[in-house]
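Please read the report below with the sequence and the structure side by side.

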Amino acid sequence: ITFPCPKCGKEMHRVPEVIDCWFDSGAMPFAQWHYPFENKEIFEENFPANFISEAVDQTRGWFYSLMAISTLLFDKSPYKNVIVLGLVQDENGQKMSKSKGNAVDPFDALESYGADAIRWYFYTNSAPWLPNRFHGKAVVEGQRKFMSTLWNTYAFYVLYANIDKFDPSKYNIDECKLTVMDKWLLSKLNSMVKTVDENLSNYRIPEAAKALQEFTDEMSNWYVRRGRERYWVQGETDDKTAAYMTLYTALVTTAKTAAPMVPFMAEAIYRNLVCNVDKSAPESVHLCEFPVVQENLIDKDLEKNMDEVVDIVVLGRAARNGSNMKNRQPLNTMFVQCDKKVEGYFIDIIREELNVKNVDFVEDASSFVSYVFKPQLRTVGPKYGKQLNEIREALAGLESSAKATLDAEGKLTFDLPGGVVELTAEDILLETKQKEGVFTVSDKGVTVALDTELTPELIEEGFVKELISKIQTMRKDSDFNVMDRITVALSGNAKVLDLAKKNEETISTVVLSDAITEGTGDGKEWDINGEKVVISVTRV
């Protein structure tokens, strides 16, 4: 077959040896190095590849052509692992198609959500080889749970570090006087890096992302939230330095660990936190080594104790919500039944988090709740249909203590007029009833019982905490700086004014007030536990 050249017009001949165009892709491992004619050492260093990655539609194309040609030439696979990517679908699970009108313009999505958010969604949504349903709500949710949390924690550090002109290059975290919370965060940090590294090495992408997300949540919502006051202290103290260095280390290490997944955010955090204070550091997070796990900082017992504390606190909050007790209202005692009793510092955390005076661990919390027994008709009916009314009356007459027998023996036995009846746990519906003055919640082997009786002293303390909260809200609404001193004026309620004056030192220490005085009526009216009062705040 001949045809003229489109440029010069000379007659051209088509070569007779025509081969499948996919041969070029299959020959890539050696053809790119012009092997075997040259670059023998380079080829042998890079063959076979550790992994290759393409979408599932390349199974009969690239994956197969690579394997077939390599097997023919070298009698072995050209790759050690294959990461097959699933196709992107719409939110209803349909393949995206222009004809269906359900395709998403990637540039529009990048403009709306950002590259990091979209990358993070694909990492966390499912394993790479499964189809991914892409829709904006899911992207935003992932952005909120991880990226916003990480950025807000970073912004918190920057805010207070700038106020204090803190320079992390002047300190060594190994020389800081670390608190239990600091040691816990550093332990969790290194456990996270270890988990991420192991999962990425084994191509478990969602698991690696999950570890990053869980650590970031704990860093923000447990470590930072519990230790905010450490950054508010006036002047430079050893404890404040330890808090800054711990958070700085966690943020920089997290940025380096997350860099492959959220490259732009990680770069912004790294450049500001590291390059601004260390001119000798690599100019990009992507030029840094992946973090090395410091095994000596991992304390699994500490992590387990803190996990137990968190479980107790979560149930305690649920008990507060269930009993309609405000979080700012102090309570006297919370009783806890669990497998592992924590002590000392961990008890203080529970007390502070739940605003209770005492935490008592008990062997049996059943005395704090009463039980109502009813037959499970689905199982009891087929067994003892004719005796159903007798069984219902027998169960209704049981004392709460019968639950201990059911737990120990796995059954309850009744000698009824119609004959002996034996009911197992699956035959009984067990309902709990809260006892007066106590609210109980149980989950995963942990039970907490919250004493909800309020003394006059507790009521007054709760009132003071509510007053502080309202003043702090007014500081924020007035755009006062964190360290601005203020004066507070109260009017319209003599009872509230007297209470504020009585507790002036406590209130002033928290809200940075120089004085609490009687006002003229100007300000904002608040309802504090049923008492109306007008509050005004003025910057000194």
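Lys165 is exposed, because its relative accessible area of 72% is over the 50% cut-off. The model is a predicted one. Lys165 sits in the loop that runs between helix H7 (136-164) and H8. The phi of Lys165 is near 50 degrees, which is a positive value in a residue other than glycine. Most residues other than glycine have a negative phi, and most peptide bonds are trans.

**Backbone exceptions**

Asn529 belongs to the loop between E17 and strand E18 (531-539). With a relative accessible area of 36%, Asn529 is partly exposed.

Pro36 is placed in the loop between helix H2 (28-31) and helix H3 (40-46). Pro48 is placed in the loop between H3 and strand E3 (52-55).

**Two helix pairs**

Two packed helices are described by the angle between their axes and the distance between the axes. The table gives both values for two pairs.

| Helix pair | Axes come within | Crossing angle |
|---|---|---|
| H5 and H6 | 7 Å | roughly 105 degrees |
| H8 and H9 | 9 Å | roughly 170 degrees |

The axes of helix H5 (residues 106-113) and helix H6 (residues 115-125) cross at roughly 105 degrees. That makes H5 roughly perpendicular to H6. On the H5 side the contact involves Ala109, Leu110 and Tyr113, and on the H6 side Ala115, Ala117 and Ile118. Sorted by class, this contact of H5 with H6 has six nonpolar residues, no polar and no charged ones.

For H8 and H9 the axes cross at roughly 170 degrees. An angle over 145 degrees counts as roughly antiparallel, so H8 and H9 are roughly antiparallel to each other. The residues that make the contact include Trp184, Leu185, Leu189 and Met192 of H8, and Leu212, Phe215, Trp222 and Tyr223 of H9. Charged residues take part as well, among them Asp182 and Lys188 of H8 and Glu218 and Arg226 of H9. By class, the contact of H8 with H9 has 15 nonpolar, two polar and six charged residues.

**Helix H13 and what covers it**

Which residues of helix H13 (residues 345-354) are buried? They are Phe346, Ile347, Ile349, Ile350, Glu353 and Leu354. Viewed down the axis of H13, these buried residues fall within an arc of 155 degrees, so they line one face of the helix. The elements covering the buried residues of H13 include helix H8 (180-201), helix H9 (205-232) and helix H12 (300-322). Strand E7 (331-337) and strand E8 (356-361) are also among the elements that cover them.

The largest nonpolar core has 88 residues. Those with the most contacts inside this core are Tyr157, Tyr223, Leu247, Leu273, Ile312 and Ile350. Leaving out residues up to four places away in sequence, Leu273 touches Tyr154, Tyr157, Val158, Tyr248, Leu251 and Val252. Apart from this core lies another, of 22 residues, including Phe480, Val496, Val511 and Ile528.

Thr246 is part of helix H10 (residues 238-258). Is Thr246 buried or exposed? Its relative accessibility is 0%, so Thr246 counts as buried.

Trp526 lies in strand E17 (residues 524-528). At 14% relative accessibility, Trp526 counts as buried, because the cut-off is under 20%. Apart from residues up to four places away in sequence, Trp526 touches Lys470, Thr473, Met474, Glu531, Lys532, Val533 and Ile535. Trp526 and Met245 are 281 residues apart in sequence, and their C-alpha atoms are 40 Å apart in space.

Notes
Residues are numbered from 1 along each chain as its sequence is written. This is a predicted model: local features need pLDDT of at least 70, side-chain atom pairs count only at pLDDT 80 or more; totals for chains, interfaces and linings use all residues. Side-chain values use heavy atoms; hydrogens and water are left out. Buried means under 20% relative accessible area, exposed over 50%, partly exposed in between (1.4 Å probe, protein chains only). Helices (H or I, at least four residues) and strands (E, at least two) are DSSP runs, numbered from the N terminus. The arc is that of the directions from the helix axis to the C-beta atoms. Contact means heavy atoms within 4.5 Å. Axes are lines fitted to C-alpha atoms, for helices over the stretch in contact, and angles run from 0 to 180 degrees between N-to-C directions. Angles under 35 degrees count as roughly parallel, over 145 as roughly antiparallel, 65 to 115 as roughly perpendicular and the rest as oblique. A nonpolar core is a set of buried Ala, Val, Leu, Ile, Met, Phe, Trp, Tyr and Cys residues joined through side-chain atoms within 4.5 Å.
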